[in-house]
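Let's walk through a protein model together, one step at a time. Take a look at the picture first, and then read on.

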Amino acid sequence: GMEPASLAQFISMTLAEDLGEDGDVTSNITVPQQARLRAEIATRQEIVVAGVELAEHFFRATDPAVRVERLAADGDVLEAGSP
């Protein structure tokens, strides 16, 4: 995997590119700061899971208090509609 410093830099650069310095303008205006989201990612077709750990790093970078429950691991094959 990527070294921790390289991973942190990659995440920081990617988020800066996507959100800029001030974040997403629409979200900043319409979503209260204290709002929290519970979400489940579901597949639309059969897939081989990849990038679960990287996704968790991105979630944690935007909110260190995020809780992630991994329902699948990289390399798992999931049927369409699987969480």
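We begin with the chain as a whole and then visit a few of its residues.

This is a predicted model, in which local features need pLDDT of at least 70 and side-chain atom pairs count only at pLDDT 80 or more, while totals for chains, interfaces and linings use all residues. Residues are numbered from 1 along each chain as its sequence is written, and side-chain values use heavy atoms, with hydrogens and water left out.

The protein chain has three helices and two strands. Helices (H or I, at least four residues) and strands (E, at least two) are DSSP runs, numbered from the N terminus. Of the 83 residues, 12% count as buried; buried means under 20% relative accessible area, exposed means over 50%, and partly exposed is in between (1.4 Å probe, protein chains only). The chain exposes about 7200 Å², and carbon and sulfur atoms supply 52% of it. Such areas come from the Shrake-Rupley method with a 1.4 Å probe, and for residues only the protein chains shown count as cover. Among contacts (heavy atoms within 4.5 Å) with a separation of 6 or more, 73% join residues 24 or more positions apart.

Now find Ala-72, in the loop between helix 3 (52–62) and strand 2 (77–78). Is this residue buried or exposed? Ala-72 counts as buried because its relative accessibility is 14%. Leaving aside neighbours within four places in sequence, Ala-72 is in contact with Val-49, Val-52 and Leu-78. Its C-alpha atom is separated by 9.5 Å from that of Ser-82, ten residues apart along the chain.

Next come the aromatic rings. A pair of them is described by the distance of the centres and the angle of the planes. The structure holds one aromatic pair: Phe-10 and Phe-58 sit edge-to-face, 6.0 Å centre to centre, with 80° between the planes. Rings of Phe, Tyr and Trp (its six-membered ring) pair if their centres lie within 6.5 Å; planes under 30 degrees apart count as stacked, over 60 as edge-to-face and the rest as tilted. This pair links distant parts of the chain, with Phe-10 in helix 1 (residues 4–19) and Phe-58 in helix 3, 48 residues apart. Phe-10 is partly exposed at 34% relative accessible area, whereas Phe-58 is buried at 19%.

Finally, Phe-59 also lies in helix 3, and it counts as partly exposed because its relative accessibility is 39%.
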